[in-house]
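Here is a friendly briefing to read alongside the sequence and the model. Please keep both open while you go through the points.

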Amino acid sequence: PVPVADKRLMDVKLGELGSWLGGRDFTPNGIIAAVRRGHDRYYNKYINVKRGGIGGITMLLVGYVAISYLWEYDHISKKTYYSSMFCLCL
Amino acid sequence: MFLYLSSHSHQTDAMHGLVQASRSLHTSSQSLAPVPPLPEKGGQVRHGLIPEEFFQLLYPKTGVTGPYMLGTGLLVYMLSKEIYVINHETFVAASIATVVIYGIKKFGPSVAAFADKLNEEKVAKAQEVKDLAMTSLTQGIENEKKEQWRVDGRSMLFDAKRNNVAMLLETNYRERLHMVTNEVKRRLDYQIALQDLHRRMEQEHMVNWVEKSVVSSITPQQEKESIAKCIADLKALAKTTQARA
């Protein structure tokens with residue numbers, strides 16, 4: 001039986017989620033390694049193939065758009081049609 | 001492809017400072033040659049946006065239309081609650097999306113064909129190099145085998161050479177033999193000629209001397225007597241012949 005912290009996320013039961021999160025490696029090296037793993041999974045699945053499709057980059061662009069919208073949400077939500085600075089922010 | 005300076009290596013990432021590959025190289029002592037080829041197609045993506053795994057995830061519970069209903073519901077919810085705000089940027093995004101989708105639908109296949117052609121050329125070049133190397137190596141192997149076969153015949157070569165040398169020696173010996181016999185014969189002939197000459201000279205000298213002594217011994221008296229006798233004999237002979245005739 002494998003210890004909780006080494007299981008993959010899909011195999012972790014709901015009750016073990018807290019201990020799983022606690023057991024993960026949050027040092028800078030660990031974070032960099034995790035980012036690298038994620039990149040490699042995405043890259044080798046969608047980009048590093050013989051005949052890749054458009055989905056490989058569109059998903060990245062859509063994610064970029066979504067994240068930038070998320071970060072600008074506060075600013076955008078304040079620009080209602082009836083706010084005073086609307087004509088200037090347009 | 002990105003280069004990473006990694007320090008930790010988790011189970012799947014085993015290389016330091018090199019290009020990452022999902023087919024991990026040099027992880028075990030066994031060699032993975034030839035390197036397995038790239039996968040043909042990437043992960044499936046529906047509408048260019050959503051990976052197929054999402055649809056497969058919801059299929060057992062909601063069937064085929066489940067994810068689409070989820071998407072519609074989410075969209076309507078975000079619009080109604082103003083989580084997604086409609087402003088001038090919406091129209092900008094809509095026009096950009098239209099143009100992009102139109103471009104992709106129209107020029108997608110041709111661009112894909114062009115990229116495929118480039119790939120094909122690369123692969124063909126590499127294959128050419130490999131084929132050339134293979135042919136040259138097989139040629140080398142054949143040459144080597146031929147040389148080995150030639151080496152087997154060297155005993156025959158040495159026999160021929162030995163024969164040549166023996167023949168040369170034989171001819172030389174026979175030539176010298178001839179020369180010796182000729183020289184000896186010449187010398188012996190000379191000796192014979194010398195002896196013949198001696199005998200002839202002695203003979204002639206003796207004959208001359210005898211003649212001279214006989215001639216000198218004939219005195220005039222004897223000469224007259226012999227002449228008279230001859231005349232008398234002749235007369236007698238004449239008489240006998242006359243008588244016979």
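B:E82 sits in the loop between α2 and α3 (88-152) of chain B. This is a predicted model, in which local features need pLDDT of at least 70 and side-chain atom pairs count only at pLDDT 80 or more, while totals for chains, interfaces and linings use all residues. Residues are numbered from 1 along each chain as its sequence is written, chains are lettered from A and ligands numbered from 1 in the order in which they are written, and side-chain values use heavy atoms, leaving out hydrogens and water.

**Positive phi in loops**

- B:E82 has a positive phi of about 60° although it is not a glycine.
- For background, most residues other than glycine have a negative phi.
- B:E82 is partly exposed, with a relative accessible area of 43%; buried means under 20%, exposed over 50% and partly exposed in between, using a 1.4 Å probe and protein chains only.
- B:H47, also not a glycine, has a positive phi of about 60°.
- The loop that holds B:H47 runs between β1 (45-46) and β2 of chain B, and B:H47 counts as exposed at 59% relative accessibility.

**The two chains in outline**

- Chain A has four helices and zero strands, in the pattern α-α-α-α along the sequence. Helices (H or I, at least four residues) and strands (E, at least two) are DSSP runs, numbered from the N terminus.
- Chain B has five helices and two strands, and its pattern reads β-β-α-α-α-α-α.
- Of the 90 residues of chain A, 20% count as buried; of the 245 residues of chain B, 6% do.
- Chain A exposes about 6900 Å², with carbon and sulfur atoms supplying 68% of that area. Accessible areas come from the Shrake-Rupley method with a 1.4 Å probe, and for residues only the protein chains shown count as cover.
- Chain B exposes about 21900 Å², and carbon and sulfur atoms supply 65% of it.
- In chain B, among contacts (heavy atoms within 4.5 Å) between residues at least 6 apart in sequence, 0% join residues at least 24 apart.

**Where α1(B) meets α2(B)**

- The axes of α1(B) and α2(B) come within 8 Å and cross at roughly 105°. Axes are lines fitted to C-alpha atoms, for helices over the stretch in contact, with angles from 0 to 180 degrees between N-to-C directions.
- On the α1(B) side, B:F54, B:F55, B:L58 and B:T62 meet B:G66, B:P67, B:Y68 and B:L70 in α2(B).

**A nonpolar surface patch**

- A:V62, B:L49, B:I50, B:F54, B:L57, B:L70, B:L74, B:Y77, B:M78 and B:I83 form a nonpolar patch on the surface, with about 840 Å² of accessible area together.
- The elements giving two or more residues to this patch are α1 (52-62) and α2 (66-80) of chain B, and α2(B) has the largest share, four residues.
- Patches are made of residues with over 30% relative accessible area and no salt bridge; like charges are joined within 9 Å and nonpolar side chains (Val, Leu, Ile, Met, Phe, Trp, Tyr) within 5 Å.
- B:I50, one of the patch residues, lies in strand β2 (residues 50-51) of chain B and is partly exposed at 32%.

**Salt bridges**

- The whole structure holds 12 salt bridges over all chains. A salt bridge is a side-chain nitrogen of Lys or Arg within 4 Å of a carboxyl oxygen of Asp or Glu.
- A:K45 and B:E53 meet in a salt bridge at 2.5 Å, N to O. This pair crosses between chains, from helix α2 (residues 28-46) of chain A to helix α1 of chain B.
- Both partners are partly exposed: A:K45 at 32% and B:E53 at 42%.
- B:E183 and B:R186 form a salt bridge at 3.5 Å, N to O. They are separated by about one helical turn because they are three residues apart in helix α4 (residues 154-217) of chain B.
- B:E183 is partly exposed at 31%, whereas B:R186 is exposed at 56%.
- B:K185 pairs with B:D189 in a salt bridge, the closest N and O atoms being 3.9 Å apart. These two are four residues apart in helix α4 of chain B, so about one helical turn separates them.
- Salt bridges that share partners join B:E183, B:R186 and B:R187 into one network.
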